[in-house]
Amino acid sequence: MAKKIGVFICYCGGNISDFVDVEKIAQEIAHEDDVVRAKTHMFVCSDAAQEEIIREIKERGLEALVIASCSPKLHLETFRRLAQRAGLNPYTYIQVNIREQCSWAHTHNREEATEKALRLVRAGVARARMARPLKPIEIKTIPAALVVGAGITGLRTAVALSDLGLTVHLVEKEKRVGGLLNHLDRLFPYGRQATELIEELRREVERRENIHLYLEAEVTKKTGSVGNFKLTIVGPEGEKEVHVGAVLVATGGNPYVPNPGEYGYGAPGILTLLDFHRLIRDCRGAKRFVFNGHPVRRVVFIYCVGFREKKGHRFCSRYCCAAGVYAGLTLKKDFPQIEQFHLYRDMRTYGSLERLYHQALEEGLVFVRFNETHRPEVLETEEGLTVRVKDELTGGKELAISCDLIVLVTGLEGKEQQKLVDVLKLPVGKDGFFNEIHPKLRPVETVIDGLFITGACQAPKNISESVASGLAAAAKSGVLLLPGKLDLEPQIARVNLQKCSWCGLCAEACPYEAIVKEEIQGKAVARVNPALCKGEGACVPVCPEEAIEVQGYEHQQIKAMIDALCKETA
Amino acid sequence: MKNDERFACMIVGGGIAGLEAAITLGDMGLEVILVEKEASIGGKMILLSKVFPTLDCASCIATPKMAQAANHPRVKIMPYTDVKRVERNAQGTFRVTLNKRPTYVDFNRCTGCGQCEKVCTVGRPDQFQEGLVARKAIYIPFPQAVPKKAVIEKRGLSPCSRKCPVGLRPHAWVALLRAGKVKEAYRRALKDIPFAGTLATLCVGYCEHNCTQRKREGALPIRGLLLFAARKVLGADQPPEIAVENRLSTKVAVLDASPEALTTAYMLARAGAQVSLWGDIYKTGETFFSPHVPEWFWKKELKCLEQVGIEFKKEKPPEIEKLKQTYDLIIHLNPSAQQEQTDNAVLTLPFKAEKTEDLPVVLGKVRAWTQDLLKALEHALPFLEEAKEASSSGGERAVKDLPYSEPPVFWSLSQAQEQARRCLDCGLCCECHQCVEVCPAKAIDFSMVPQEVEVECGAILLATGFKLYDPSKRRTLGYASYPNVLTGMQLDRLLSPTRPYNWLLRPSDGKLPGNIALVLCVGSRDLTGGTRICSRICCMYSIKQAQLIMGALPIAEVTIYYIDIRAFGKGYEEFFTQAEAMGVHFVKGKVSRIEETTNNDLILFYEDLIKGGVKKARHDLVVLATGALPQTEVLKVFKGEAPALDSSSFIEEIDPYLHPGRTNIPGVFVAGAASGPKDIPDTVIHAGATVAHIVAHLKEIGWS
């Protein structure tokens with residue numbers, strides 16, 4: 001029986017319509033069999049357009065919906081919700097990507113791009129024609145979460161999860177909690193002592209019965225999927241398996257250690273920012289700023305060490321400018337007589353942190369801007385250290401600053417933790433940090449449902465920003481786990497038991513280990529675990545019997561789509 | 001209005017921060033009310049072109065979030081609403097009074113079709129296009145607006161309309177004439193009073209006396225404009241159509257033909273009553289109008305009374321008792337004292353009694369209007385008074401406030417329009433009712449008034465965002481005087497898919513700009529104005545704009561004048577180096593002064609901090625990246641202790657280390673740029689963080 005299909009095509013405010021003639025597609029597609037409505041909208045995703053489409057679905061009694069717009073990654077869920085509100089089964093909605101896969105890819109040939117888009121939409125209509133209503137798979141979720149890393153982000157995130165009423169397993173590979181902050185002194189912007197913050201959180205974690213802390217422990221195995229993960233924690237007390245609904249990664253970043261010889265690193269008197277924090281913490285008690293037994297009279301800070309480089313780390317490590325300036329302010333406060341020179345490239349005390357830079361200027365810290373092509377040179381002489389630098393702001397005048405101490409203001413790089421990456425299947429970006437699914441839509445979520453990234457493992461962040469992302473991930477975990485149940489995607493593999501004769505090829509092909517062998521009435525067949533299957537389809541082409549297919553992408557549908565794609569019209 | 005609704009959280013501000021928090025809280029099963037002062041949610045983000053560093057289109061990200069919030073079963077959105085008062089209860093919850101501003105459009109009926117915008121006669125700078133183009137006084141905020149409903153921007157009544165003693169809307173006919181709608185202008189006046197043209201000739205002109213232009217370049221000839229419309233319409237020999245509201249079965253007898261009685265009859269008939277009138281209207285005309293107004297004119301105007309269906313009876317009126325058998329209401333100007341006291345069905349002018357059972361609707365409307373009619377007419381129309389004196393036995397002469405002068409006569413529409421164009425649209429909407437006539441959903445409702453709503457909520461999230469520095473304060477940069485100096489937000493509008501000129505053109509002459517300057521840190525990092533802190537977003541959005549310009553205009557030169565390039569976020573530095581590789585020029589230097597050439601090009605004076613020296617550069621478009629300033633007006637509504645501000649006047653986070661987003665008041669949180677400038681990813685994360693705080697707080701106070 002013919003289905004009434006509605007096709008809606010998006011201008012995407014020019015993103016599509018600048019390169020594809022969307023009106024022409026609407027005209028052409030209206031002639032297709034079963035298409036009873038074809039219309040364009042400036043933004044199909046806008047509320048007004050959605051409401052209009054819903055009205056049309058109801059008024060015209062549409063039975064399937066095709067929207068030609070952007071990638072389903074962006075708006076599949078948006079439009080499925082639309083279909084649902086209109087009383088359609090959300091799986092009778094088909095999205096055709098004519099933006100990423102057409103208009104953006106073919107910006108120089110409008111005619112052919114239009115032709116391609118038209119064919120893609122025709123294929124979408126062919127698929128919609130056969131789309132069957134599906135029911136999401138409902139699973140029960142476990143009201144517990146696992147947090148990897150007990151630095152400031154992990155600790156704070158654990159407390160937030162516990163506040164939501166979730167049980168928390170907090171795993172730390174070191175002997176004590178606190179991570180990087182254990183080694184830091186006072187923190188910008190208000191000078192809180194790092195160790196105090198950690199102590200406050202440690203006590204809070206200890207106080208809570210629903211937080212289980214595992215020290216010197218590691219996550220070694222993960223099975224299951226969103227809402228129902230099984231993770232193995234290996235610690236001094238042996239192995240333990242925990243069941244959780246979500247996993248939050250808070251492993252932080254790695255403080256950059258300069259290469260030997262980089263700005264003289266390795267020589268006495270040349271420290272990283274981290275070393276400097278330790279030094280000033282020790283000296284404050286002694287009330288004398290002494291390094292290696294020598295009193296320090298002049299300190300040079302060099303910024304952007306190891307970052308914003310053509311070779312090596314291209315990215316900016318974000319927090320180091322403010323951290324460097326604040327280290328200078330701390331030094332000035334405790335030891336006002338010490339002279340300071342800060343050699344920087346761009347002073348990135350962004351937002352309210354600009355106040356720190358101002359204060360530093362007012363307090364007489366000297367800032368010298370250098371260009372990456374004329375880097376400061378560190379010379380070791382018998383009298384001590386000298387830094388030669390071309391001051392960009394005085395027309396490139398060369399300064400030679402003799403000093404007792406050089407602080408290399410270093411930032412955070414991605415942590416080398418291949419084991420964890422493999423166990424959790426974490427997406428690692430080019431810069432070595434973990435990648436979120438979308439920086440604006442879903443900034444703490446990853447491509448793996450139920451796996452969140454928080455804090456500086458995503459990118460360099462300061463304390464406040466790390467904690468904020470931890471709290472945001474805790475809130476998202478709450479959304480996932482507090483209702484107690486979760487709907488999973490029903491577009492997963494299904495086995496035709498008559499045809500299947502268990503050869504095991506599908507199980508081999510599956511990257512999610514979702515297929516197992518099963519005996520049904522004496523016959524060995526493949527069985528798909530719906531909680532593990534992602535509907536990815538690796539099993540489909542390898543099956544010699546065509547006994548396995550992905551619901552919503554059945555063989556018949558794919559063939560119809562190919563026919564539609566290849567259909568020649570006059 | 002009392003309202004017992006309870007919400008776990010009230011969110012103030014429907015920008016990206018408020019939306020993110022609302023959706024997340026709603027998804028967690030909490031009831032949320034989102035208050036937005038504009039007519040649509042979406043905040044600043046929805047107005048942007050593309051967003052750094054991924055160059056996603058802003059609409060593609062913000063629009064679905066707006067739709068998701070609007071359709072969320074647990075999120076209630078209150079657009080066009082202000083928070084009026086916040087009081088903290090003993091239990092730690094908040095009692096909030098909201099003020100729903102009148103939209104003058106019934107949102108339940110409005111379909112967002114936009115017909116009203118086409119016919120509206122008043123233009124206003126479009127705040128959603130950063131004032132680059134005009135919109136109408138009735139407007140749908142922007143194409144992706146949520147809700148997509150029209151609102152009318154109205155600031156009370158214009159002085160001319162407010163001061164008209166008989167309650168006409170002079171602003172309406174001026175605006176209609178300005179739009180060339182002559183027939184409509186006259187018809188609009190007839191909506192409120194009969195023989196409007198005649199009255200315009202006779203009136204002393206309170207409207208003109210109160211016209212704002214009077215003290216500037218001279219008042220508009222408001223009466224003359226109406227007279228022009230009336231003569232034009234009546235001269236064309238086609239009686240104007242006058243709309244009659246719902247026909248009622250009520251029958252009214254009017255036993256007089258004085259101007260007041262005629263007016264009353266007319267108003268009742270327009271409201272739908274079946275009116276019969278005894279008396280000779282042409283005699284009235286001769287007595288009152290003839291000495292001052294051409295006969296053809298007042299005769300034709302009187303004839304219009306027939307248009308509304310008044311039945312004129314030439315014979316002598318029957319006895320009142322007899323009339324009562326047929327009519328529900330009898331209007332008699334000179335009843336006997338006894339009748340007046342005892343008989344509710346007989347009304348005298350001004351109305352002293354009303355027969356409410358039969359005539360509530362009609363009387364409700366007409367009474368309010370007619371009560372002061374006599375007095376008003378006496379004040380406004382000295383001739384009427386004189387005629388009356390002459391025809392009756394005298395009486396006390398009313399004191400005239402204003403001297404009379406004859407209204408000017410216009411002979412052509414262009415002559416009239418030239419005057420009408422001087423109107424300043426003081427009250428914004430002029431109530432010309434063009435929208436009322438065209439609206440297919442009958443959604444326009446001028447009777448709306450501000451509505452107070454009280455709700456109780458467990459927590460408050462302030463997501464009020466930021467505002468932008470007004471660069472016209474820095475005169476040396478010429479923003480207010482040079483058309484080709486824009487703000488960064490304006491450039492983003494020019495680059496956006498819903499852009500005003502449909503291309504990137506410079507405003508002065510519509511030329512494609514070929515050499516564009518982007519000037520950073522205008523009103524931020526600045527000790528002399530704006531804010532001393534850094535606005536955090538301008539470096540990156542300017543780099544984005546530079547890339548988009550180079551995409552749109554491949555041969556254009558783009559120069560960015562900066563202090564420091566702050567490309568600090570994930571992927572930002574790479575985005576910056578990409579712009580350098582594309583050929584964007586980066587000049588370290590602060591622009592101190594801008595001058596304009598005769599062809600509207602601009603000369604920038606700046607100190608080149610690298611190469612040294614004060615230099616000049618010529619550009620054909622200059623864009624000022626203006627600083628982000630605090631927008632914390634909402635704090636005024638807190639009774640008792642209000643959330644504290646930090647030293648830059650943003651809402652203070654009391655513990656940014658462990659509790660980012662928490663203010664000094666338990667239960668009040670701050671998300672996004674309200675606590676300091678933030679880009680979109682940081683705002684979204686910050687808003688997510690406040691959700692965790694809010695849920696923990698609700699648990700603490702035992703909210704259920």
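## Questions on the model

Biologist: Is P511(A) buried, partly exposed or exposed?

Modeller: P511(A) has a relative accessibility of 39%. Buried means under 20% relative accessible area, exposed over 50% and partly exposed in between (1.4 Å probe, protein chains only). P511(A) is therefore partly exposed.

Biologist: On what conventions do such values rest?

Modeller: This is a predicted model, in which local features need pLDDT of at least 70 and side-chain atom pairs pLDDT 80 or more, while totals for chains, interfaces and linings use all residues. Residues are numbered from 1 along each chain as its sequence is written, chains are lettered from A and ligands numbered from 1 in the order written, and side-chain values use heavy atoms, without hydrogens and water.

Biologist: Leaving aside neighbours within four places in sequence, which residues does P511(A) contact?

Modeller: P511(A) sits in the loop between helix 13 (505–509) and strand 30 (515–520) of chain A; helices (H or I, at least four residues) and strands (E, at least two) are DSSP runs, numbered from the N terminus. Contact means heavy atoms within 4.5 Å. Beyond those neighbours, the contacts of P511(A) are E536(A) and A538(A).

Biologist: How are helix 2 and helix 3 of chain A oriented to each other?

Modeller: The axes of helix 2 (residues 47–60) and helix 3 (residues 72–85) of chain A come within 9 Å and cross at roughly 40°. Axes are lines fitted to C-alpha atoms, for helices over the stretch in contact, with angles from 0 to 180 degrees between N-to-C directions. Angles under 35 degrees count as roughly parallel, over 145 as roughly antiparallel, 65 to 115 as roughly perpendicular and the rest as oblique. Helix 2 of chain A is therefore, relative to helix 3 of chain A, oblique.

Biologist: How far apart in sequence are the parts tied together by E217(B) and R422(B)?

Modeller: The side chains of E217(B) and R422(B) meet in a salt bridge (3.0 Å, N to O), a term for a side-chain nitrogen of Lys or Arg within 4 Å of a carboxyl oxygen of Asp or Glu. E217(B) lies in the loop between helix 8 (206–210) and helix 9 (222–235) of chain B, and R422(B) in the loop between helix 18 (413–420) and helix 19 (434–438) of chain B. The separation of the parts they tie together, in residues, is 205.
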